[in-house]
Amino acid sequence: MWAMSLKEAATFIRERDDFLVVSHVQPDGDAISSTVAIGWLLAKLGKAYMMLNEGPVPSRLHYLWNSSAIVTALNNEPERKFQNVICVDCADFARVGKAAQWFAAEPQLLNIDHHPTNNGYGSVNLLKFHAAATAEIIFELVEEMEMAIDRDFATAIYTGLLTDTGGFRYANTSPEVMAMTSRLLEAGAPGPELAELLLERMTMGQMRMIQRGLARLAFSPDQRIGWLWVTSEDLADTGATNEDLEGLVNYPRNIEGVEVGILFKENGEQSVKVSMRSAGAVNVAAIAQQFGGGGHVRAAGCRLTVPLAEAIDGVVSAVQKALDSDA
Ligand SMILES: [Mn+2]
């Protein structure tokens with residue numbers, strides 16, 4: 001079945017020309033790496049293609065081969081429509097966002113993804129739910145097509161694997177991932193430099209937000225809930241972006257004994273974005289659902305249209321209730 005899917009995907013690429021390569025809104029490391037890796041493959045085959053994303057490429061990923069050629073759909077009206085589309089790392093069709101404006105009315109679509117919720121919206125689907133990253137699937141596709149890899153390609157795939165496995169730490173860090181990583185290093189992927197850049201380095205905005213957030217760290221009386229908040233003013237003062245808030249919620253969550261870590265992010269006077277992380281005792285997706293949000297058992301979020309203090313009271317009480325009923 002998997003071997004068949006790989007062949008079908010290879011045929012889709014070989015028999016067509018003039019492709020649009022897209023990934024999901026607010027692209028992460030795997031999304032951009034997968035986009036440029038498919039671009040690399042198409043370039044090697046002498047195919048015409050364009051790479052597109054709804055939003056801009058995060059600046060820390062600018063080292064990726066040809067990433068500067070990725071067009072931002074938000075800033076550009078469609079110049080034309082594409083009949084052949086390759087979607088990478090998009091769990092559902094809606095995740096491509098405004099990039100869809102560049103698709104022909106009934107495009108031929110190759111859907112390459114690893115999200116278990118992907119419903120197979122492509123004309124051809126290359127889906128492997130236990131793959132650690134979409135980049136892992138693309139490496140298999142390039143092997144299937146018997147192409148020699150180089151440093152540019154290896155760096156892209158390594159980046160997708162590194163980011164989607166949280167630095168080769170999460171449960172998806174399979175023996176297959178490690179075997180692949182070994183080959184990527186042989187092909188010239190700069191492992192230590194990528195780890196430094198993607199896992200260690202912080203922007204000044206990020207550090208300023210950590211500084212402010214940690215100064216406010218608060219706990220429930222039983223210390224099983226830890227939370228912090230950032231205000232609209234913080235973002236304005238520090239020049240931090242939303243990207244700079246990534247990982248902030250892990251500080252309370254990582255403390256010994258804390259079951260749920262929460263980050264409250266104020267967006268104007270009556271809007272608060274809430275991110276929750278659970279150590280496992282409670283299902284934070286169920287709590288997020290009470291407030292109209294959703295997510296995964298251990299990572300979920302919601303948005304409340306109330307002042308910050310009210311959002312903190314409401315969500316912390318709901319989490320406390322869930323923890324108490326669990327005990
Ligand atoms: Mn991914």
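Okay, hi everyone. Before anything else, this is a predicted model: local features need pLDDT of at least 70 and side-chain atom pairs count only at pLDDT 80 or more, while totals for chains, interfaces and linings use all residues. Residues are numbered from 1 along each chain as its sequence is written, and side-chain values use heavy atoms, with hydrogens and water left out.

So, the overall build. The protein has 11 helices and 12 strands; these are DSSP runs, with helices being H or I of at least four residues and strands being E of at least two, numbered from the N terminus. Its radius of gyration is 21 Å, close to the 20 Å that the globule rule gives for 327 residues, so the protein is as compact as a globular protein of that length. That radius is taken over C-alpha atoms, and the rule is 2.2 Å times the number of residues to the power 0.38. Along the principal axes, the C-alpha trace spans about 65 × 40 × 40 Å.

How much of the protein is buried? Buried residues make up 50% of the 327, where buried means under 20% relative accessible area, exposed means over 50%, and partly exposed is in between, using a 1.4 Å probe and protein chains only. Now for contacts, meaning heavy atoms within 4.5 Å. Take those between residues at least 6 apart in sequence: 63% of them join residues at least 24 apart.

Next up, the metal. Which residues hold the protein donors of the manganese ion? They are Asp30 (OD), Asp89 (OD), His114 (NE2) and Asp164 (OD), lying 2.2 to 2.3 Å from the ion. Donors here are N, O and S atoms within 2.8 Å of the metal (3.2 Å for Na, K and Ca), and water is not among the atoms, so sites may look incomplete. Along the chain, the donors follow the spacing D-x58-D-x24-H-x49-D. Asp30 in helix α2 (residues 29-44) and Asp164 in helix α4 (residues 151-164) are 134 residues apart, so this pair links distant parts of the chain. Asp30 is buried, at a relative accessible area of 0%, and Asp164 is buried too, at 17%.

Let's stay with helix α2 for a moment, where Ile32 also sits. Ile32 counts as buried, with 1% relative accessibility. Leaving out neighbours within four places in sequence, its contacts include Pro27, Asn53, Val57 and Leu61. The C-alpha atoms of Ile32 and Gly160 are 8.1 Å apart, although 128 residues separate the two along the chain.

Then there's Lys128, in the loop between β6 (124-127) and α3 (134-144). Is Lys128 buried or exposed? At 14% relative accessibility, Lys128 counts as buried. Not counting residues up to four places away in sequence, Lys128 touches Trp2, Asp113, His114, Ile137 and Glu140.

Last, some backbone angles. Most residues other than glycine have a negative phi. Gln26 is not a glycine, yet its phi is positive, about 45 degrees. Gln26 is in the loop between β1 (19-22) and α2, and at 71% relative accessibility it counts as exposed. Phe168 has a positive phi as well, of about 60 degrees, and lies in the loop between α4 and α5 (175-186).
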